[in-house]
Amino acid sequence: GVIGEDVAVAAMKAGAHDYIMNGNLARLVPAVERELREAEVRQARKQAEEQLRLSERLRTVGELTASIIHDLKNPMQVILGTTELLEAEGVSVERRAKGRRAIDRQVQRMLAMTQDILDFARGETNISPTPVNLPEFCQEIVDTYKQSSTEGNIRISYTEQMESKTSPTVLLDREKIWRVMTNLIGNAKEAMPEGGEIRLHLRIRQKEA
């Protein structure tokens, strides 16, 4: 029936919202009613917070979807351009095989983009690092841009600088870095409406001991 102030403070810090003394039971019913009202308020606030999180997630998914739809244009342009090339007369067998491989890569790239949307909607972020030869990777980006670009007022060049005894192969998520690079090139292209040159330079330095 008797507690000290220190015990009451400790109980409140531990999560108690109120306490009733044996000698003052008249406070019991009002305290219970108040707690029930506060529980309803807490529940409503929790539901509102969950709705807000869901709304924010849906908005972010929508933004990601819009971004990927924008990114899908590049592989689609490559596929269309390659298809037109393969339909031309006099295309060599080697060139046809190269074109089919290019189409296959772009289809796989599009599938990876749609998987990103599904993963994000489930609250997942998957990184798939694989060994990538950086010079070949950069050259493929440049070749793809040249295939998909129909405007002649923008040129793209690629140079590389590698120190001796350095490996050109690194671990990275190929598809995600591909999207980063192609977006950078696309932004650079949009920043030069009058035309210009996009320079892609790769420098691989020897790791310091």
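Q: Contact means heavy atoms within 4.5 Å. In this predicted model, what percentage of the contacts with a separation of 6 or more is accounted for by residues 24 or more positions apart?
A: The protein has five helices and four strands, which follow the pattern α-α-α-β-α-β-β-α-β along the sequence. Among contacts with a separation of 6 or more, the share from residues 24 or more positions apart is 76%.

Q: What is the radius of gyration of the protein?
A: The protein has five helices and four strands. For 209 residues the globule rule gives 17 Å, and the protein is well over this value, so it is more spread out than a compact globule. Along the principal axes, its C-alpha atoms fill a box of roughly 100 × 50 × 35 Å. The radius of gyration is 30 Å.

Q: Which helix holds the salt-bridge partner of Arg-109?
A: Arg-109 forms a salt bridge with Glu-175, with the closest N and O atoms 2.8 Å apart. Arg-109 lies in helix H3, so the pair ties together parts that are 66 residues apart in sequence. The helix that holds Glu-175 is H5.

Q: How many residues apart in sequence are the parts tied together by Arg-174 and Glu-140?
A: The side chains of Arg-174 and Glu-140 meet in a salt bridge at 2.4 Å, N to O. Arg-174 lies in helix H5 and Glu-140 in helix H4, so the parts tied together are separated in sequence by 34 residues.

Q: Which residue forms a salt bridge with Lys-176?
A: Lys-176 is partly exposed, at 25% relative accessibility. The closest N and O atoms of the pair are 3.6 Å apart, and the partner of Lys-176 is Asp-173.

Q: Which residue joins Glu-140 and Arg-174 in one salt-bridge network?
A: Lys-176 and Asp-173 form a salt bridge. Elsewhere, salt bridges that share partners join Glu-140 and Arg-174 into one network with Arg-105.

Q: Where is Asn-126 found?
A: Asn-126 is partly exposed, with a relative accessible area of 38%. Not counting residues up to four places away in sequence, Asn-126 touches Asp-119, Asp-173 and Lys-176. Asn-126 is found in the loop between helix H3 and strand E1.

Terms used: Residues numbered from 1 in each chain as written. Predicted model: local features only at pLDDT ≥ 70, side-chain atom pairs only at ≥ 80, totals over all residues. Heavy atoms only, no water. Helix = DSSP H or I, 4+ residues; strand = E, 2+ residues; numbered from the N terminus. Buried < 20%, exposed > 50% of the residue type's maximum accessible area, 1.4 Å probe, protein only. Rg over C-alpha atoms; globule rule 2.2 N^0.38 Å. Salt bridge = Lys/Arg side-chain N within 4 Å of Asp/Glu carboxyl O.
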